[in-house]
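Keep the viewer open and follow the stops below in order. Each stop names something to select and then says what is there.

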Amino acid sequence: MKHAVGATDLAALAVLGLIWGAPSPAMAGGTSLDDDDHHDQPYYFGFVKDTNGDTVPNAKVTAKIKNMAIITHSDILGAYKIPIFNTDLKPDEFGLSCSKEGYRQAGTFMRTAPVSDAKVPIEIDCTLQRE
Amino acid sequence: MRLRILALAVIGGLAVVDAQSQFNAVGAQVGVPILAGQVTSVGDGPMEGVLVSVQKAGSPITITVVSDEHGRFSFRPEKAPPGQYSLRIRAVGYELEGPHDVVLPSDRTTSVHLKLRKTEDLAAQLTNTEWFMSMPGTSEQKRPLIECMSCHTIERIVRSKHNAEEFAPLLRRMANYANNSTMARVQPRVAEREIPEDRVRKVAAYLATINLSAVPTWQYPLKTLPRPKGRATRVVITEYDLPRETIAPHDVRADRDGMIWYSNFVEQFLGRLDPRTGEHLEYAFPTLKPGFPTGTLAMEPDGDGNWWLAMMFQGGLAKFDTRTQKFLIFPIPAEMNTDATQQSMVMPRQSHVDGKVWTNEVSKQSILRLDLATGKFESFEPFAGTPKSRMHSPYGLAADAENNLFFMDFGDENIGRVDAKTGASTIYPTPTPNSRPRRTMLDSQGRLWFAEFAANKVAMFDIKKETFKEWDVPTPHTYPYDVFLDKNGELWSGSMFSDRVLRFDPTTGQSVEYLLPRQTNIRRVFVDDSTTPVAFWAGNNHGAAIIKLEPLD
């Protein structure tokens, strides 16, 4: 069986680094892909803040999609980035939450409306309240 | 499909190498060197950090020490028993003058004075790392070339005379070689891969600017790394040459009895070396898919100390029962088996918990799990629901006490977890983007230590805290392949590029880099904690040798 590569896949991959062919190939027992450039890829980002509007560093940020979770932490400025999401998810397929010891989550606020096919990152802030 | 379990008789003793049994048979006094000397050159006087290697006539074993700040070096008789030796050195920019042979009697110390002169062929001495440092070009231009070292050195590229037009078909051809190809054994893929033409042209155009297509010699200065200094000179390195140049040791580990086992990346053998005697054995197992590339990548022990091998393009897993010395083979069933099927990794460590062994399906970017009771494989798609355009590749594997899986996303920038009970996945992006985590180990405190191949970093992920720590490796263009945390909390790493072994203390941030005597393509690394100081082991994947590195502190 030949390894089939769709035209759409190739178009999407053309911006990446050295591509030896396919979205599912391998060199070195892993990947052939050398993609230095994810600028066209959709991602979620935002800030974790407290109820006073101050940023909260080192809070755990969890994005949930179906049977998968992506977990990261806010940085020293309270910012986080989740790099591998689709932007065309339906609202009920996606959830974002944050947590930190001594806090409980107060809410999330989506600053950018998700637009299908958009290259724009989606900004969601997450608010924590001191317990 | 009916489960096929193939029990195979052992093919043993294919090659027995020269025993090092003379170790204790010498009359030399303990503590007195058998060979001692000094390295000097006309311009520099005594030279620190020169690697001096001795190989006994007819022996596959080479011993290397490094000259100190006074240019002095010595060999102990327990490392180099009496006999006739050939002698060589490694010091970038220099070569050895005069005779290269020495006879060592047992009753006294032989003294030698090694005079070095400047080399006229510096290019022949550069590591891949030094070529990457020397070549002009942007990091974006150089980055695709980090894949080339899977099969050959960068020297092969820069010495070539192909222009861009001639390079294009060459690149297309090489893209269809299996990654388990070496210069000694090239293996074409069966499932062909298409290559976007613009990518080929771009890479070909760059290669033609760094090689000898238009000029008689390189127009850019050849940069070199400094020789070892201080602590990096206090080491003894033992290289065990394997009996065929086609043997490509990939993963190397010691068992409980101190025997060294390795996977062979291009041949259907499991290898075993007795480091005390030099005895070498190979155990053969069958080819499942004739006409497909042969050889195995990952080799991991299960809880009983049996060895598991990931069978790459042969499609499946092999278990070597160390008690019966027989193989059990678990082929990928027909309905899951394609021409692109590839198992590079296996994780049987916690299979006693639930009777399951983890592996990967590289061609589908997915995880597979073998049920030992039924021989069936189930598939997990840890990235289901994420953008298809984003390349992932579950690679280095580890399992926790409940046999939950942790994997390195070598295609991208994530650590992943697959829950053993629910199959749900959790993805943890590394702080550094495009890091391409490669191989990993899980320590007793629940910390994953791993190499960030493309980020030139080593890193730690704390499973409980779900947080990362990352450290730059000291030398640029090292591209670490793997790490191992020893009993002292020090991290060891190797590379396909730098011919150096990194020893790094994450608590103090201090590091030592030990230079190796030869061009050395290192994959999996292992540290034997049973001695003090510890001993580092790795294979030279392109050099048909096993390497033991013993620091003196």
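Domain bounds here come from an automatic or database domain assignment. This is a predicted model, in which local features need pLDDT of at least 70, side-chain atom pairs count only at pLDDT 80 or more, and totals for chains, interfaces and linings use all residues. Residues are numbered from 1 along each chain as its sequence is written, while chains are lettered from A and ligands numbered from 1 in the order in which they are written.

Start with chain B and colour it by domain. The assignment gives domain 1 (1–16 + 251–378 + 392–424), domain 2 (18–121), domain 3 (136–210) and domain 4 (430–536). Between the centres of domain 2 and domain 4 of chain B, taken over C-alpha atoms, lie 30 Å.

Next, select β16 to β19 of chain B. Helices (H or I, at least four residues) and strands (E, at least two) are DSSP runs, numbered from the N terminus. Two strands pair if DSSP finds at least two bridges between them. The 4 strands make an open antiparallel sheet in the order β16-β17-β18-β19. At its edges are β16 (299–301) and β19 (326–331) of chain B, each pairing on one side only. From one strand to the next the twist averages 20°, with axes as lines fitted to C-alpha atoms (for helices over the stretch in contact) and angles from 0 to 180 degrees between N-to-C directions.

Zoom in on β17 (residues 307–310) and β18 (residues 316–321) of chain B, an antiparallel pair with 4 bridges. B:Leu309 has B:Ala318, in β18(B), as its bridge partner.

Now select B:Thr287, in the loop between β15 (279–284) and β16 of chain B. Is B:Thr287 buried or exposed? B:Thr287 is exposed because 12 other C-beta atoms lie within 10 Å; the cut-offs are 20 or more for buried, 12 or fewer for exposed, and partly exposed in between, with C-beta atoms placed from the backbone. Leaving aside neighbours within four places in sequence, B:Thr287 is in contact (C-beta atoms, placed from the backbone, within 7 Å) with B:Gln268, B:Thr294 and B:Gln314.

Finish with chain A, which has 1 helix and 7 strands. Buried residues are 37% of its 131 residues. The mean for chain A is 70, and 57% of its residues reach 70 or more. Among its elements, helix α1 (residues 7–13) has the lowest mean pLDDT (31) and strand β1 (residues 44–50) the highest (94). Over residues 1–39 of chain A the pLDDT is below 50.

Methods:
Two residues are in contact if their C-beta atoms, placed from the backbone, lie within 7 Å. pLDDT is the predictor's confidence in each residue, from 0 to 100.
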